Amino acid sequence: MPLPKAELHLHIEGTLEPELAFELAARNGVRLPYADTEELRKAYLFDDLQSFLDLYYSLMAVLRTEEDFEALAEAYLARAAAQGVRHAEIFFDPQAHTARGVPIGTVVEGLGRALDRAESRHGVTTRLILCFLRDKSAESALETLEAARPHLHRIVGVGLDSAEVGHPPAKFREVYAMADSLGLRKVAHAGEEGPPSYITEALDVLGVERVDHGLRALEDPELVARLVRDRVPLTLCPLSNVRLRAVSSLSAHPLRRMMEAGLMCTVNSDDPAYFGGYAGDNFDAVGAALSLSSEELRGLARNSFLAAFLGEGERGRYLAEVAAYEFPTPPVS
Ligand SMILES: Nc1ncnc2[nH]cnc12
Ligand SMILES: [Zn+2]
């Protein structure tokens with residue numbers, strides 16, 4: 001049995017495995033510029049965030065109907081549950097779909113079909129977080145939030161993703177204020193490729209409660225002191241950071257240093273179909289690379305539930321599961 005954990009940084013579009021992409025392409029009459037799944041997988045070599053985003057957005061062409069979004073979420077939930085994910089807070093990118101003529105209602109209701117049965121079928125509780133694409137305009141973000149209004153009963157919060165450098169958080173001041181007035185929770189990607197000042201700005205201007213990535217926080221000691229003092233959770237994604245070359249290798253990942261600095265770290269998968277692993281794979285890989293002890297891994301799992309947008313009853317039940325978890329004993333050789 002794997003360690004119970006919450007996944008707090010997961011783009012549902014980033015769970016599109018090549019096999020499902022080809023299946024949906026055939027169903028929807030979409031031609032993919034790859035001969036087969038093997039050729040597509042070979043394209044998963046990225047130089048940076050933008051080179052990944054180019055493929056990520058182009059492959060979304062296969063997602064057209066509610067059934068497609070349902071199938072996408074269903075496949076993710078099955079894989080996540082098998083790796084010990086007990087609670088998932090799932091990002092989606094409505095503008096990447098509305099720009100292709102797919103209405104936001106198709107996206108949210110399609111995902112919702114799978115999420116509605118996630119607890120009974122997979123034992124996973126879920127939340128949805130609507131992300132604004134930061135390389136689109138502030139007006140487009142406002143229009144997106146407006147279009148989401150009929151679906152807000154399904155959405156717990158807003159986030160900010162896509163190409164970071166050159167698109168500082170302050171551009172989205174107004175839409176975050178609007179989201180706040182609608183009672184939505186607030187998170188944002190910051191400090192993945194962008195400077196630590198973007199993390200500070202996301203806290204000061206957008207009022208975010210969690211920082212997605214926050215990888216570059218250690219470059220600014222004052223910021224670290226503030227994040228530690230205020231117990232601001234960071235949703236780190238180790239395999240993503242290696243694949244997008246934000247770090248040179250897993251053993252060079254700053255997770256251990258961040259934990260030692262007292263930061264509230266969590267471990268997540270980001271876009272697991274593209275980066276070589278789901279939540280449990282990220283725990284296993286970074287745990288091995290940084291020689292994290294069982295108790296350090298338990299601490300990361302505990303943080304994931306502390307940082308989740310859960311009611312106190314649910315949170316307490318999950319924390320008790322983490323506390324009671326028994327790690328498998330390694331064989332004596
Ligand atoms: N790692 C990431 N950073 C920014 N935007 C994203 N969209 C999907 N994955 C992303
Ligand atoms: Zn992300």
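The model is a predicted one. An unreviewed UniProt entry lists residues 4–324 as "domain: Adenosine deaminase". Over that stretch the chain is 50% helix and 15% strand, and the C-alpha atoms at its ends sit 10 Å apart.

**Around ligand 1**
- The residues around ligand 1 include His11, Gly14, Leu49 and Tyr56, along with Asp161, Ser162, His189 and Glu192.
- Ser240, Asp270 and Asp271 are also among the residues around ligand 1.
- Sorted by class, this shell holds five polar, four charged and two nonpolar residues.

**Helices α8 and α9**
- Helix α8 spans residues 138–148 and helix α9 spans residues 173–181; they pack at an angle of about 20°, their axes 8 Å apart.
- The two helices are therefore roughly parallel to each other.
- α8 passes α9 in a right-handed crossing.
- From α8, Ala138, Ala141, Leu142 and Leu145 make the contact, with Glu174, Val175, Met178 and Ala179 on the α9 side.
- That contact has seven nonpolar residues, one charged and no polar ones.

**Helices α4 and α6**
- Helix α4 (residues 66–82) packs with helix α6 (residues 104–116) at an angle of about 40°, and their axes are 7 Å apart.
- This angle makes α4 oblique to α6.
- Here too there is a right-handed crossing, as α4 passes α6.
- Among the contacting residues are Phe69, Ala73 and Leu77 in α4, and Val107, Leu111 and Leu115 in α6.
- By class, the α4 contact with α6 has seven nonpolar, seven charged and two polar residues.

Terms used: Residues numbered from 1 in each chain as written. Chains lettered and ligands numbered in written order. Predicted model: local features only at pLDDT ≥ 70, side-chain atom pairs only at ≥ 80, totals over all residues. Near = placed C-beta within 6 Å. Nonpolar A, V, L, I, M, F, W, Y, C, P; charged D, E, K, R; others polar. Axes fitted to C-alpha atoms, helices over the stretch in contact; angles between N-to-C directions. Helix = DSSP H or I, 4+ residues; strand = E, 2+ residues; numbered from the N terminus. Parallel < 35°, antiparallel > 145°, perpendicular 65-115°, else oblique. Left-handed = near helix turned anticlockwise from the far one by under 90°. Contact = placed C-beta atoms within 7 Å. UniProt positions renumbered as here; feature names shortened; annotations may be inferred.
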